[in-house]
Each structure stands twice: as C-alpha cells, then as structure tokens.
Number of protein chains: 2
Amino acid sequence: MNPKKPGRRQFLKSGAALAGLAVGATAVEKSIAADVPEQRVDVLHKVGERSHFVDSIRRGSINNPERRSPDEPRVFGLTTPLQDSAGMVTPASLHYVISHGYEPRDINPKEHRLLIHGMVDRPMTLSLEDLQRLPSVSRFHFIECHGNSTAGGLGGSYRVSPDATAQDTHGFTSCSQWTGVLLSLLLEQAGVQKGGTWIIAEGADDYKHSKSIPIGKALDDALVAYAQNGEPVRPEQGYPMRLVTPGWQGINNVKWLHRIEVVDEPYMGMMEVTRYPRLMPDGKSRWFEFEMGPKSVITRPSGGHHLLTPGFYEITGLAWSGGGSIRRVEVSTDNGRSWKDAQLQDPIARKAHTRFTIPWNWNGEEAMLLSRCTDDQGVVQPSLAEVAKIWGTDVDFFRNSTLITSDLNAIQPWKVNRDGSVKNAIY
Amino acid sequence: MNPKKPGRRQFLKSGAALAGLAVGATAVEKSIAADVPEQRVDVLHKVGERSHFVDSIRRGSINNPERRSPDEPRVFGLTTPLQDSAGMVTPASLHYVISHGYEPRDINPKEHRLLIHGMVDRPMTLSLEDLQRLPSVSRFHFIECHGNSTAGGLGGSYRVSPDATAQDTHGFTSCSQWTGVLLSLLLEQAGVQKGGTWIIAEGADDYKHSKSIPIGKALDDALVAYAQNGEPVRPEQGYPMRLVTPGWQGINNVKWLHRIEVVDEPYMGMMEVTRYPRLMPDGKSRWFEFEMGPKSVITRPSGGHHLLTPGFYEITGLAWSGGGSIRRVEVSTDNGRSWKDAQLQDPIARKAHTRFTIPWNWNGEEAMLLSRCTDDQGVVQPSLAEVAKIWGTDVDFFRNSTLITSDLNAIQPWKVNRDGSVKNAIY
C-alpha cells in the first residue's frame, strides 16, 4: 500500500491541484499541466504507481546482531517480498537493501566521479556521462546477501519460526537487468600493471564501504552499472553507479561506487576484519569467500499462504546460482521421497533468478514441499543435513548460530497443513 | 524529477514524521514504524523510489485527432521516454499508456471476475485467486500502439518536427515480462464449440472497450496476465488482469479484462468501425490488421541529445518484431551508404524488445544515423521510400497524413550536426 496516495488524492480534490503539482515540477511538466485539464494529469501519471490494493512491501529485519544494544534498534536491511513475486524480475522499488550503518546517498550525478587508480599506467576519472559513452552490456543478474536464508542473516530466531515467510527466509536476494560497462574494459583502458592482483572498490557513502576483490573477477564479468531494469540505478542501489559482481556475495557489489584502486594484496578493511570472517564449527575463521552456491525456494505456496480448498495448484519458485545458469529444478511434495522436474521459464540467464513452475493436485492431506536445483556446473543444492555433514556438525548448529555464510544454501521445506495453512518447516 | 519528494522531506524535518507516515499505513508498516527510529523509516523505503535527479517522464501527446475541439484538449496517451532507456525492460512506471476516452479503473481485485462464455461447453467465472492457481508462463513481450512512429499516432506534425525525440517518434512501445495464464488453457477448460472462430475480449472500463480477435491467436500465444515485471499489473496497464496478444497491435491487449466471449464472426465494435479501419492511398479502407512489423530505433544518440565532443560514442537502440524474434540489426552512420552489424544483447526473446549496441567514433562532421532490423522470418525493416513504393504513393503521403497503420515501420533517421545537436531527420 502506498501511504502517500490517499493523501495526494484528497489534496487534488480540494481544488488546489494544479498549484500543488507545480511545486518542484520541471519545465516540461509545467507545460503539460498547463495544456490539459487537471483531472487527466491526475489520472494519467507521468510516472505511474501501483494499485493501492497491492500491499506487498519490503520488511525491515530489526532484530539482528549488528544492533549495538537492545535500546538501539536498527534496521539491518529490507527484504524483497518473494512470496508475491512473479517471473524473474524484481521491481526496483522492492529490491532488497542492506545497510551496515551507511545511508543511501543523495548524489548529484553531475558531481559524481569514478576514480580508477593505484597500480595502473593511466589513472582515470569518469563522470556518468563519460561512462555512458562507452560500450555497454545489459545482463540479468541476481544480487544476494550471503547471509540470506541463514539464521545469522536475519539475525535471530525468526529464520526458524514456523511463521516465517519466503520474504523472511530468503528475501535478501533480488534480480534485475543491469546495464553498464564491463570493469574489464575500464581496467584495460587504465592499463593494469604487473603485480596488480586485487582491486579495492569503495563507495561514496559516509562510511566509505570498501571491499577487496581479486583482479580475476574484476577482469571476468564484473560491471559498473548505471541502469537497473531500464531506468537509472535507484539511490538505495547505488545511484548513479554501482559495482555488480555477478554471482558473488552482495557485499562485493559496492554501491555509490567512486573509487577503484588496483593493489597487490587484499586490504583488511572493516568488512574483511570485523564482519565477514566466518566462524567454522571447529572454532576457526575463514576470511575470504565469494561465490553464492546454487539455491532455490518455492515462492507459492510458501509460508503464510493459505490454500482454500483441495484441488489444483501451481507450485512456483525461484532458483539461482553464483556458479552459472540453472540447469534443473526438482520439486517434491512428500518431503523428498519422490521428486519431479519443474519447468524452467525462459530466459534462463547466467547468475540470474530462474522462475520454475510445476502443477500439483493437493489432496487435502499434510504435504511437505521442497525444491532442489542443479546448476550448469552440475552442483546440486544440498539438504540441511547434507550441509551439516560436510561441515562435521549437525543441523542444530545452523538453527542456533548466527552464522553467516554463502555455503548455507540448503533446501527450504514448506509444510502444508490439513487446514490449508503453509508453515516454515525449519524448526 | 519526483515532484513529491521535496515536499515530503520538508514535512519529515518538521518533526511530525511518524504521525504523518502512519496515515494510511498498514498494520505491518505501523509495527515497523513503531520499532525503529523515524529517520531510518524515511531513509529505507518499504517501497523504494527513484532519485529525484532522474527527470525521465512519460509525456502526453496532446494534439491528436481524437480531441473533440481545440477548446477541449485531451491527453491521448503517455509515451515511454525511450531516449533514456537501457536494456530491454521498460519500468512499469514508464510503460506507455493509451486512453481512448476510458480511464484507468480503481478495481478491487477481490471483486473482479473474468467471465468466459459464448460458444463454449462450460462457461466459467474466474477470480484473480482462481487464475493464480493455474499453470503460469512468464514471457517478455513488447506492447505497441499501431500508431507508434506514424504521424497519425501522435496526431499531428510533431512526428516530423526536427525537434522530435525518440519518445515523440517511437514512445508508444514498451516491453515487460508478463506473467499469467495462456488463454489457450482457459479456452481448453471451457471447451470451444465447433464454429467458434473469433473471441470478443472486453474490459471493465467505463467504455467497455472491446476487440474482436481470431480464435487462432487466442489459442496460440495470447495470455491473461496478472503480473508485469515481477509485480501486479499496474492500474494503467489493466490491474488486476489484462489480455496480452504478443506482437499484435496494442488495441488488442485489452486491459481490466472481464469478459471473453467465443463467437462465430468478428463484432463490429466501436474500435473496428470508427477508429481502426485504415484509409489507404487509393481511398479504400481496410478493416482488420493485427501484427506489428519489424521495427527499430536508435535511442542514444537520438533527437534532443547533444554530443559534447568528437570521439568515441556507443550507438544503442531497440529492435522488435510482431513476427518473432530479432535476428539482426544493422546500423549506418552515413545515411545508408554503408551498414555494420550491431551486437544484440541477451536475452533475445520472441516478440520482445531487443537491445542492440555498436561502437562509433564521431569525427565531428555531419552524420546520419540509421538502424535497420531483420526478424527471424527474414523480414527486413524498410525505408520510408520503400514503404511508399509498396503503397503506390510517395513519402509526402506519410508526412502529411494522420494515417495510423502497423505497416509504417520505416527506418528512423537521426541527424548529427557539427555542433553536436541531434535532430529528427524525417522532415
């Protein structure tokens, strides 16, 4: 629901419509407003809005380990309402947002510059206009917080609550068509010197968020994006430009990108030192991990949905992998005793959400819905028990820890009860 | 530019932020608002917005043949700002809108029903919930007004003005990923009777817009869409459901779809009788035409853009065809004396916008930029002279007439002047 809409409508009905619209309007808007009756300017929006009956919103994950004290609640991020999703595109207005303390910046694109320097022959400074003159690519890619679908990612017990929705369990992933310039092209122009093995990407936010990224990724498929789903990247996503590191942990996709330094070793920035070393079951930490494993989640029916009557339902969901494209998705309605191949909807893009669908006749009995994907590297999404086995621990470890890791890509079970309610079955 | 943002910010700074936000907020929003500091609720939008530095807007085409008198200006429609586009997706907020007098309806989805009746064995009434239980498809398709890029489409001389932008010349086309149910599946459920050769699709708007469509198209790839780019179809696009007839004239993509009647002949509705018979050069009219021909337009640089300095530029644009997918786009910078193949960006979807790019070094001299596409049927986009020849007339006919036809898919020339200005060269 758009909280502004009712207010605006009321305002327009008061008769002061045109004067109200003219505040802050551009010259073009003014000329249109002067030429057409007020009512039609109201009805035919120059920038359209969704129906006020649509109540899908991003939700803040408030209880998270980053809050400094119980008296200081902080929104760690905003999750995408996957339970309402359709197709492969996430609307920009509902793209997940993570904030580690820094705020979206209100950047004037005319003043913004991207500096490329360090171990390069020709340091460069690029404006948005400069960037838009260069050869571009447009590619669908998901971006996913590597805490997504982990208990640590939502910072507490809600991940394993029976009432958790797909938004609660998996809402820190979103998929857009990003348009921008390959970083490899920029680095080629700058001339990377021998020994330049890492880059430091830094944002223009107040905290100067930075991340160390191996040069191999920078020269592979990373891009400096200025557009998202056909319009300029949104402020919360890094307007006017951001780094996109396809398939890698969200933290690498530096927003409000203003500096890339080529260096000869990773820098131990705040993220590398304080937040992202992951504590393994054996008590040791691992510093660097990047790629998101193959993952899938059924988005309908999913937690919080309610099946009204037995009968036909489509089961649909999303699958993605940091390793490449999705080759196969299997669905089980009997807790893994039997599996059937779901249909994949075109386009199936590399390192992008892929929509899957499969028909299902619900007989009114209890059912346990699972999905399991396989990527084009042949890597299969594991069960939670399989993940635990690999790690030399048991499933309780994942339930109770605030662990954040991109390796936790376990199968998500949704339980359908006889009354039609659908519940999170990780509990 | 978002005219609302500055006002809202000011309001929040006044200290009454939380009270203001709570007006019209849902229970969920209220609970979040109560838990986090006011400032962060403002910063992290639950439904995000674009930067207020972005000034891309739909524009109304005011001077059109549908206005009843000069004293009664009417917005015929709103065009997509193609000159600012990127990739293949049109943001829902910028999707073009055509209104023949009917208004977007504020439909409560719980009350909306789709009736399928006429020459069928089992008439059906479907709610949105019913529809969402059925097998779905998600497909990228353009929708284009068949008056797009014609002088008649914008209703006057502006199509051929040197100052026309790509929005002015071609802005009545947009591309979305549509999710919905194939109409063939619904008709199969209903059981089309022998002799049922057409459908009448009708909307729930005040004017009950209806269109006669051959059963062949209905059973081919037409779909009843409830989602667009990952969210519910926007009100201006037919919320809660619309017909999508891939590749066919926009008029067939009936919005606010509430009735499909299977019949044995086309109905001579208002659109068939009064608006869409096209006047041919020989003075005769043709009643039915459906498929949009292959068309392309360079979106950057295009009319209204300004090249600051000689040197490297990317030329980029969109190509699409109602006949299938785009196989090839060629670009000329010397008014057609030589052509080079542009690169097509994945995904290349059937009956969808395809983004093309090609590098260009501008030497500072006058240049004439053209693009020409070929679809997978081998059909090549013609020049205006070629179109005129086929029609047995000359190019002045198209310049001066208010003709609306899906056959007018001629190559669009943009002239780059020595001062860097870019002008519409159809004049």
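Modeller: Accessible areas come from the Shrake-Rupley method with a 1.4 Å probe; for residues, only the protein chains shown count as cover. Chain A has an accessible surface of about 16,000 Å². Carbon and sulfur atoms hold 51% of that surface. This is a predicted model: local features need pLDDT of at least 70, side-chain atom pairs need 80 or more, and totals for chains, interfaces and linings use all residues. Residues count from 1 along each chain as written, chains are lettered from A and ligands numbered from 1 in written order, and side-chain values use heavy atoms, without hydrogens and water.

Now the salt bridges (a side-chain nitrogen of Lys or Arg within 4 Å of a carboxyl oxygen of Asp or Glu). A:Glu202 sits in strand E8 and A:Arg259 in strand E13 of chain A, so the pair ties together parts 57 residues apart in sequence. Strands (E, at least two residues) and helices (H or I, at least four) are DSSP runs, numbered from the N terminus. Both A:Glu202 and A:Arg259 are buried. Buried means under 20% relative accessible area, exposed over 50%, partly exposed in between (1.4 Å probe, protein chains only).

Turn to chain B. B:Lys351 meets B:Asp221 at 2.9 Å, N to O. Each lies in a loop, and the pair ties together parts 130 residues apart in sequence. B:Lys351 is buried at 6%, and B:Asp221 is buried at 8%.

Back in chain A, A:Asp221 bridges to A:Lys217, with the closest N and O atoms 2.9 Å apart. Finally, A:Arg328, A:Glu330, A:Asp341 and A:Arg372 form a network of salt bridges.
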